[in-house]
Amino acid sequence: MDHVSFTACLRFLDLLEQGRVPSLHETAAFIRACAPDCGERSLPEKEQALLRMELFARARVAAGRTFGRRIYVRGLIEISSFCMRSCLYCGIRAGNAQAVRFRLSPEEIYACCAKGYGLGFRTFVLQGGEDPWFSDERLCAIVRRIRERWPDCAVTLSVGERPRSSYMRLREAGADRYLLRHETADPEHYARLHPPAQAWSDRVRCLRDLKACGYQTGAGFMVGSPWQDSMCLAKDLAFLAELRPEMAGIGPFIPQSQTPLAGFPAGSVTRTLVMIALTRLVLPTAMLPSTTALATASAVGREQGILAGANVVMPNLSPAEARRHYTLYDNKLAEGPECADQLEALKRRMAAIGYEISTERGDHPAFRPQRSSHV
Ligand code: SF4
């Protein structure tokens with residue numbers, strides 16, 4: 001499908017819907033047809049727009065089959081801005097001497113959970129840099145305590161690469177889900193975005209370990225990161241099709257001014273939406289967040305993500321001070337509907353596009369003890 005036509009693109013969508021995985025070349029050609037990068041050969045603009053409408057409509061239908069019009073909420077708690085790694089794109093990388101470092105105490109974390117529970121959240125996402133202070137022992141104790149105090153809630157961890165034994169201990173302590181974006185499925189591209197000590201093979205090993213330990217596992221990637229082309233994105237989609245994670249977070253690359261990648265342009269919102277929709281067709285029952293990065297890049301990004309097939313939003317439950325200093329990228333939204341206090345505003349915005357916020361735990365269908373009636 002190197003020479004793209006509108007009809008060939010529709011056939012490509014049919015294939016995806018039938019559960020077939022097209023070749024990398026076909027996928028890359030479709031991505032170029034829908035949302036070309038500067039200078040890439042593509043369809044006329046009108047046809048591109050029509051194709052995106054068709055793609056998003058099919059993605060919404062696919063999401064609706066499993067989730068109806070429900071959007072699941074997760075309360076995000078940013079527990080630490082200390083990190084011993086140095087991903088080139090990240091504002092809290094170890095190498096950034098200007099980053100303000102903070103770490104929530106266990107009591108502060110429980111206070112966030114208590115507030116979130118009162119607001120209706122039934123999933124808490126504990127996210128942080130790779131901070132050695134959060135040893136297995138400490139983190140297990142925190143997870144156990146949360147599960148004891150709020151037994152009807154799920155705990156998601158997002159604290160980076162750890163040994164398999166650590167993932168197992170945390171799982172046994174009660175953690176249900178784990179987010180670890182793969183960031184790019186092209187090993188050479190991965191090597192350009194990370195220092196030599198961080199290997200693509202380690203990232204993949206962690207993701208496979210998480211699956212083996214029984215987590216609902218989340219992968220995901222940035223769209224528009226430096227040196228990424230359509231073929232890289234095609235590899236991301238093929239990787240997801242093979243790994244079959246239960247969750248996938250996809251957001252545009254947004255440069256952070258204190259990082260080595262500060263001078264690169266932000267990723268395209270349109271391309272990000274196309275990748276969310278394609279992921280929905282490849283993983284029809286996955287939990288796909290409409291990410292904060294998307295909401296940061298576009299005033300209506302949150303809604304656009306949902307209309308492209310996403311079914312999860314993650315408002316921020318962290319204390320205001322922590323929100324301010326968890327600067328993964330520039331201008332990261334931390335107020336308004338991004339803030340958990342504003343859940344009512346978020347409900348109104350979702351209702352305006354025909355969706356309703358669900359306060360269920362929102363497990364992946366394969367992990368629900370009993371399928372709900374809308375499945
Ligand atoms: S992306 Fe994660 S692991 Fe990498 S530097 Fe940032 S917080 Fe650390």
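Here is a quick tour of this protein chain, from its overall build down to its ligand surroundings. What you're looking at is a predicted model. The chain has 14 helices and 9 strands. Its radius of gyration is 20 Å, close to the 21 Å that the globule rule gives for 375 residues, so the chain is as compact as a globular protein of that length.

- The chain splits into domain 1, covering residues 6-58, and domain 2, covering residues 68-364.
- Going by C-alpha atoms, the centres of domain 1 and domain 2 sit 27 Å apart.
- Where the two meet, domain 1 puts in 14 residues and domain 2 puts in 17 residues.
- On the domain 1 side of that contact, the elements giving two or more residues are α1 (6-17), α2 (24-34) and α3 (45-67).
- Helix α2 supplies the largest share of the domain 1 side, with 6 residues.
- Sorted by class, the domain 1 side that touches domain 2 is made of 9 nonpolar, 1 polar and 4 charged residues.

**The open sheet**

- There's an open sheet built from 6 strands, and if you walk across it you meet them in the order β2-β3-β4-β5-β6-β7.
- The pairing in this sheet is parallel.
- At the edges you'll find β2 (75-80) and β7 (247-252), each of which pairs on one side only.
- From one strand to the next, the twist averages 20 degrees.
- For a closer look at one pair, take β3 (residues 123-128) and β4 (residues 154-158): they run parallel and are joined by 5 bridges.
- Within that part of the sheet, Thr-123 stands opposite Ala-154 in β4.

**A helix across the sheet**

- Helix α10, residues 269-282, lies across β6 (216-223) and β7.
- The direction of α10 is at about 165 degrees to β7.

**Around the ligand**

- Three cysteines are among the residues around the ligand: Cys-83, Cys-87 and Cys-90.
- Arg-85, Ser-86, Ile-92 and Arg-93 are also part of this group.
- Gly-129, Glu-130 and Gly-160 complete the list of residues around the ligand.
- By class, that shell comes out as 4 nonpolar, 3 polar and 3 charged residues.

Key
Residues numbered from 1 in each chain as written. Predicted model: local features only at pLDDT ≥ 70, side-chain atom pairs only at ≥ 80, totals over all residues. Domains from an automatic or database assignment. Contact = placed C-beta atoms within 7 Å. Helix = DSSP H or I, 4+ residues; strand = E, 2+ residues; numbered from the N terminus. Nonpolar A, V, L, I, M, F, W, Y, C, P; charged D, E, K, R; others polar. Pairing = 2+ DSSP bridges. Axes fitted to C-alpha atoms, helices over the stretch in contact; angles between N-to-C directions. Near = placed C-beta within 6 Å. Rg over C-alpha atoms; globule rule 2.2 N^0.38 Å.
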